[in-house]
Amino acid sequence: MGRLQGKVAIVTGGAQGMGAATARVMAAEGARVVVADVADDQGRSVASDIGEAARYKRLDVTSEGDWREVVSATVRELGTVDILVNNAGIQYFAGVEDVESDRIATILAVNVMGPMLGVKAVAPVMRDAGSGVVVNISSVDGLRGVNGLSAYVASKWAIRGITKAQALELGPTIRVCSVHPGGVDTRLGNPAGETGADLERHYHNVPLRRIGLPDEIARVTAFVASDEASYMTGAELAVDGGWASGIYHAGLPGAPV
Ligand SMILES: NC(=O)c1ccc[n+]([C@@H]2O[C@H](COP(=O)([O-])OP(=O)(O)OC[C@H]3O[C@@H](n4cnc5c(N)ncnc54)[C@H](O)[C@@H]3O)[C@@H](O)[C@H]2O)c1
C-alpha cells in the first residue's frame, strides 16, 4: 500500500518541473491528484501521462475565484482535499538597485499571496474532514540570502514565516510544513538547460556537489504529506544538498579543492 493511499491532493504548478514530479510521486504512492496550473496543454499532458489517478484543472494561484472553483470541483468530484502542495512559483533576477516595483508585486502575488489564498480555500474543507496537510514549497533562498534575487528571497522567507503562522492557527487538525529545495534541474533552476560539467560547476560549493533532481524533492514532499510525518508541523525541511549549511573557507580543512 502506498504511503498516500486514498488521499486527495492538489499540486499547484503541476504542469512541469517539481510540481509535475510531485504529482507523479503522489499518484504512485496511491493519491488521486489534481494537477493545477495556468499552462493548460502541459498540465493536461502531465495528468494524462499519470492516468486515471490524475486530472488537470486550470488555477491561477493569484485568483481567489480560481481557488474557490478548483477546491469546490475537487470536493465534488473526488470527495475532499487531504493535501495541498503550494508549489507554483516564479523567479526574477535583478540587482537591489534595479528592481522594478511591478516585478516585485508579481513575484509576491504568485509566490506569497497564491499560497495564502490556497490555504484560505482548503482549510475549511480540511477542518470539516478532521485532518489535512499543507506543504509550502519555499527554497534554500528562504533560509539564507543570495545576490541578484532579492524579491524572490523576500517571497521565500515570507513562505517560511507564513508556514509557522498557519501551523499555529490550523493545529491540531491541519499540519503545515515548508520544504526548501536547493538548485533543482527544472526550467526555473536550470534555465539554460546546461548538462554535465557546465551544470555541475555551479554546485562546487554545495556539500553534495551537484544539482538536485525533481524527484528528490518530490519524495520528501510526499513523505511530509503522509501519515509517517504525523507529528511534524510548522517545520522547515532543507532538501538542498547541504547548500544552506554554511560557506566553505578556502584554505581551511574540508574546503573543496
Ligand atoms: N528549481 C529550483 O532550483 C528551485 C529551487 C528552490 C525552490 N524552487 C521552487 O519550487 C517551485 C517549483 O519550481 P520549478 O523549479 O518546478 O519551476 P518551473 O518553472 O519548472 O515550474 C513552475 C510551474 O508553476 C506554474 N505557475 C507559474 N505561475 C503560476 C500561477 N500564477 N498559477 C499557477 N501556476 C503557475 C508554471 O506554469 C509552471 O508549470 C517554485 O515555487 C520554486 O520557487 C525551485
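The paragraphs below go through the sheet, the core, the ligand shell and some individual loop residues of this structure.

This is a predicted model, in which local features need pLDDT of at least 70, side-chain atom pairs count only at pLDDT 80 or more, and totals for chains, interfaces and linings use all residues. Residues are numbered from 1 along each chain as its sequence is written. Helices (H or I, at least four residues) and strands (E, at least two) are DSSP runs, numbered from the N terminus.

Seven strands form an open sheet with parallel pairing, in the order 3-2-1-4-5-6-7; two strands pair if DSSP finds at least two bridges between them. Strand 3 (54–58) and strand 7 (236–239) stand at the edges with a single partner strand each, so one side of each has no neighbour in the sheet. From one strand to the next, the twist averages 20°, where axes are lines fitted to C-alpha atoms, for helices over the stretch in contact, and angles run from 0 to 180 degrees between N-to-C directions. Strands of a sheet pair through backbone hydrogen bonds, either parallel or antiparallel.

The pairings can be followed strand by strand. Strand 1 (residues 8–12) is joined to strand 2 by five bridges, and the two run parallel. Within strand 2, V33 is the residue opposite A9. Strand 1 is also joined to strand 4, again in parallel, by three bridges, and V11 has V85 of strand 4 as its bridge partner. Strand 4 in turn pairs with strand 5 in the parallel sense over four bridges, with V85 opposite V135 in strand 5.

How far are these strands covered? The burial scale counts other C-beta atoms, placed from the backbone, within 10 Å of a residue's own: 20 or more is buried, 12 or fewer is exposed, and anything in between is partly exposed. Strand 2 (residues 32–37) has six of its six residues buried, so it is largely enclosed by the rest of the structure. On one side of strand 2 the buried residues are R32, V34 and A36, and on the other V33, V35 and D37. In a regular strand the side chains alternate between the two faces of the sheet. Strand 5 is mostly covered too, with six of its six residues buried: G132, V134 and N136 lie on one side and V133, V135 and I137 on the other. Helix 5 (residues 150–170) lies across strand 5 (132–137), strand 6 (174–181) and strand 7, running at about 165° to strand 6.

A nonpolar core is a set of buried Ala, Val, Leu, Ile, Met, Phe, Trp, Tyr and Cys residues joined through C-beta atoms within 7 Å. The largest one has 67 residues, and those with the most contacts inside it are A9, V11, A23, M26, V33, V35 and V135. Helix 4 (residues 101–129) gives the most to this core, with eight residues. Two residues are in contact if their C-beta atoms, placed from the backbone, lie within 7 Å. Leaving aside neighbours within four places in sequence, the contacts of V33 are A9, V11, A23, M26, A27, I50, A53 and A54. In soluble globular proteins, nonpolar side chains tend to be buried together.

The ligand is surrounded by 28 residues, the closest being G13, G17, G89, T186 and G189; a residue is near a molecule or strand if its C-beta atom, placed from the backbone, lies within 6 Å of it. Helix 1 (residues 17–28) gives the most to this shell, with three residues. By type, the shell divides into 13 nonpolar, twelve polar and three charged residues, where Ala, Val, Leu, Ile, Met, Phe, Trp, Tyr, Cys and Pro count as nonpolar, Asp, Glu, Lys and Arg as charged, and the others, Gly among them, as polar.

Some loop residues remain. L188 is found between strand 6 and helix 6 (196–200), and L188 is partly exposed because 18 other C-beta atoms lie within 10 Å. L188 touches G17 and Q91, not counting residues up to four places away in sequence. G95 is found in the loop between strand 4 (83–86) and helix 4, and with 10 other C-beta atoms within 10 Å, G95 is exposed.

Two backbone features are also found in loops. The peptide bond from G171 to P172 is cis, with omega near 0°; P172 is placed between helix 5 and strand 6. R209, although not a glycine, has a positive phi of about 60°. R209 is in the loop between helix 6 and helix 7 (214–225) and counts as exposed, with 12 C-beta neighbours inside 10 Å. Most residues other than glycine have a negative phi, and most peptide bonds are trans.
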